[in-house]
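Here are a few notes to go with your first look at this one. Have the model open while you read.

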Amino acid sequence: MNNSSPLTVDAIQALLQTQCLGRTIHLLEQTESTNSMAFELAASGVPDGTVIVAEAQTAGRGRRGRAWFSPPGKNLYCSVILRKPLARDRWSTWISWIPLVSALSAAEAIQQVTSLSPFLKWPNDLLLHQKKVGGILCESATHPQKGPFVVVGIGVNVNTRVEEFSQNLRGIATSLLEERSRQVDRCVLLASLLNELESRLTILLEENIGSLSQAYAQRCLTLGRQVRVTLAPGVSIEGLAHSIGSDGSLRILPAAGLFPTQAQSLVEVRAGDVVHLH
Ligand code: BTN
């Protein structure tokens, strides 16, 4: 299978409707990880909304220390640097919702470009037919002069064939090409993703959490399911995924017997690995 047409900055920027995101784009043939590169650039003071996108990653990183499959010329690997001068009390809402808002924006962009409608597994896995098609890795730090910043790393399996996945990914991962049987133009997808992300970040800055939460819940496959959430190695909780908290947490009604004293009270989980139980 041929590679998809190459990424170009001009083709991406021609489709942008943003004020900020993607106005500066660093396009690389190959890098270890666009998130690592974004961290270096953020530390050197590049502006809010700078995007790093690569044709390949040699050490792409997933959540919880996992590797992210990053072959050349097929998929989308990008990182967006966000640095907003927010008061300390607004920063925590901002930082806790960014992963969910990014996943929601990526799902909307995929739907616009392909008509496929990804579901979300809390907090930010993108699923098609129960298989993972994309994921988000958000990392943050503080610059000594310019204050805190967030790097939003987005990976989408775009034009990879299932045979190209390793054996251990084959049963659990998919791509837009596999689901749609047609190549997807990655410049169109990235521009759409940046447009969608900027409009939702504006809503988040206005603190209109209700509308974001509602849109997220509509796409979230986790809600209403029995789940097991691994909080740390050997530490997990099982129960009903009840709702999304005001800080983006997953609120779980623990299964009776696991936490007998609090069987009826909701437990709020802020980070963890979710398994949907049958
Ligand atoms: C996950 O585990 O679901 C998150 C995957 C995030 C992968 C993307 S690809 C672009 C960016 N650079 C990285 O090294 N990781 C993120």
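1. First, the ground rules. This is a predicted model, where local features need pLDDT of at least 70, side-chain atom pairs count only at pLDDT 80 or more, and totals for chains, interfaces and linings use all residues. Residues are numbered from 1 along each chain as its sequence is written, and side-chain values use heavy atoms, leaving out hydrogens and water.

2. How many aromatic pairs are there? The count is two, taking rings of Phe, Tyr and Trp (its six-membered ring) with centres within 6.5 Å; planes under 30 degrees apart are stacked, over 60 edge-to-face, the rest tilted. Phe39 and Phe149 have ring centres 5.3 Å apart and planes at 65°, so they sit edge-to-face. Phe39 is in helix α2 (34-43) and Phe149 in strand β7 (147-156), so parts 110 residues apart in sequence are tied together. (Helices, H or I of at least four residues, and strands, E of at least two, are DSSP runs numbered from the N terminus.)

3. Buried or exposed? Phe149 is buried at 3% relative accessibility, while Phe39 is partly exposed at 24%. Buried is under 20% relative accessible area, exposed over 50%, partly exposed in between (1.4 Å probe, protein chains only).

4. Phe69 and Phe165 make a tilted pair, 5.4 Å centre to centre with 50° between planes. Phe165 is buried at 1%, and Phe69 is partly exposed at 24%.

5. Strands β8 (226-232) and β12 pair antiparallel over four bridges; pairing needs at least two DSSP bridges. Thr230 has Asp273 of β12 as its bridge partner.
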